[in-house]
Amino acid sequence: KGRRGKGVTLITGIPLQGDELKDFARLLKQKCGSGGALKGEVVEIQGDHRDALVELLSGLGYTVKRAGG
């Protein structure tokens with residue numbers, strides 16, 4: 001949606017708000033070594049980092065459900 005065919009990894013359902021969510025998005029981008037954006041309550045990470053993010057989020061105690069290919 002508005003990404004011109006470029007692959008991104010979307011993370012939704014994080015129970016944080018405001019600055020806490022911004023800081024969490026920044027942490028995820030740093031761990032993946034790529035850029036991204038926070039749009040509403042959805043964190044977008046540039047590139048396909050699903051496996052790394054599943055491992056990272058599980059390690060932080062979040063319940064993770066993969067969606068998509």
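These legends describe close-up views of a predicted model.

Local features are given at pLDDT of at least 70 and side-chain atom pairs only at pLDDT 80 or more, while totals for chains, interfaces and linings use all residues. Numbering starts from 1 along each chain as its sequence is written, and side-chain values rest on heavy atoms, with hydrogens and water left out.

**View 1. Strand S1 and its two faces.**
Strand S1 covers residues 8–11. Strands here are DSSP runs of E with at least two residues, helices are runs of H or I with at least four, and both are numbered from the N terminus. Side chains alternate along S1. Thr9 and Ile11 point to one face and are buried. Buried means under 20% relative accessible area, exposed means over 50%, and partly exposed lies in between (1.4 Å probe, protein chains only).

**View 2. Pairing of S1 with S3.**
Strand S3 spans residues 42–46 and pairs with S1 in the antiparallel sense. Four bridges make up this pairing. Two strands count as paired if DSSP finds at least two bridges between them. In S3, Glu44 is the bridge partner of Leu10. Ile45 in S3 is the bridge partner of Thr9.

Strand S2 holds residues 36–39. S2 and S3 run antiparallel, joined by four bridges. Ala37 has Glu44 of S3 as its bridge partner. The two strands form a hairpin, with two residues between them. Gly40 sits in the turn and has a positive phi of about 70°.

**View 3. Surroundings of Thr9.**
Thr9 belongs to strand S1. Its relative accessibility is 6%, so Thr9 counts as buried. A polar atom of the Thr9 side chain lies 3.0 Å from the backbone nitrogen of His49. Neighbours within four places in sequence aside, Thr9 is in contact with Val43, Glu44, Ile45, Gly47, Asp48, His49, Arg50 and Leu53. Contact means heavy atoms within 4.5 Å.

**View 4. Leu53 and Cys32.**
Leu53 is placed in helix H2, and Cys32 in helix H1. Leu53 has 3% relative accessibility and therefore counts as buried. Cys32, at 15%, also counts as buried. The C-alpha atoms of Cys32 and Leu53 are separated by 7.8 Å, although the residues are 21 apart along the chain. With neighbours within four places in sequence left aside, Leu53 is in contact with Thr9, Ile11, Leu28, Cys32 and Ile45.

**View 5. Lys29 on helix H1.**
Helix H1 runs over residues 18–32 and includes Lys29. The relative accessible area of Lys29 is 24%, so this residue is partly exposed. Lys29 and Glu44 are 15 residues apart along the chain, and their C-alpha atoms are separated by 8.9 Å. From Lys29 to Leu53, the C-alpha to C-alpha distance is 9.8 Å, across 24 residues in sequence. Neighbours within four places in sequence aside, Lys29 is in contact with Ser34, Gly35, Gly36, Ala37 and Ile45.

**View 6. The aromatic pair.**
One aromatic pair is present in the structure. Phe24 and Tyr62 form this pair, which is tilted, at 5.6 Å centre to centre and 55° between the planes. Phe24 lies in helix H1 and Tyr62 in the segment after helix H2 (50–59), so the pair ties together parts that are 38 residues apart in sequence. Rings of Phe, Tyr and Trp (its six-membered ring) pair if their centres lie within 6.5 Å; planes under 30 degrees apart are stacked, over 60 edge-to-face, and the rest tilted. Phe24 counts as buried at 8% relative accessibility. Tyr62 counts as partly exposed at 28%.

**View 7. The largest pocket.**
The largest pocket holds about 400 Å³ of space. Its lining has 17 residues, of which Leu10, Ile11, Thr12, Val64 and Lys65 lie nearest its centre. S1 and H2 each supply at least two lining residues. A pocket is an open set of points on a 1 Å grid over the protein atoms alone where a 1.4 Å probe fits, with protein on both sides within 12 Å along at least five of seven lines; lining residues have an atom within 4 Å of a point. Volume is the space filled by probe spheres set on the points, which are joined across faces, edges and corners.

Key. A polar contact is a pair of N or O atoms within 3.5 Å; within protein, one must be able to donate a hydrogen and the other to accept it, and residues adjacent in sequence count only if both atoms are side-chain atoms.
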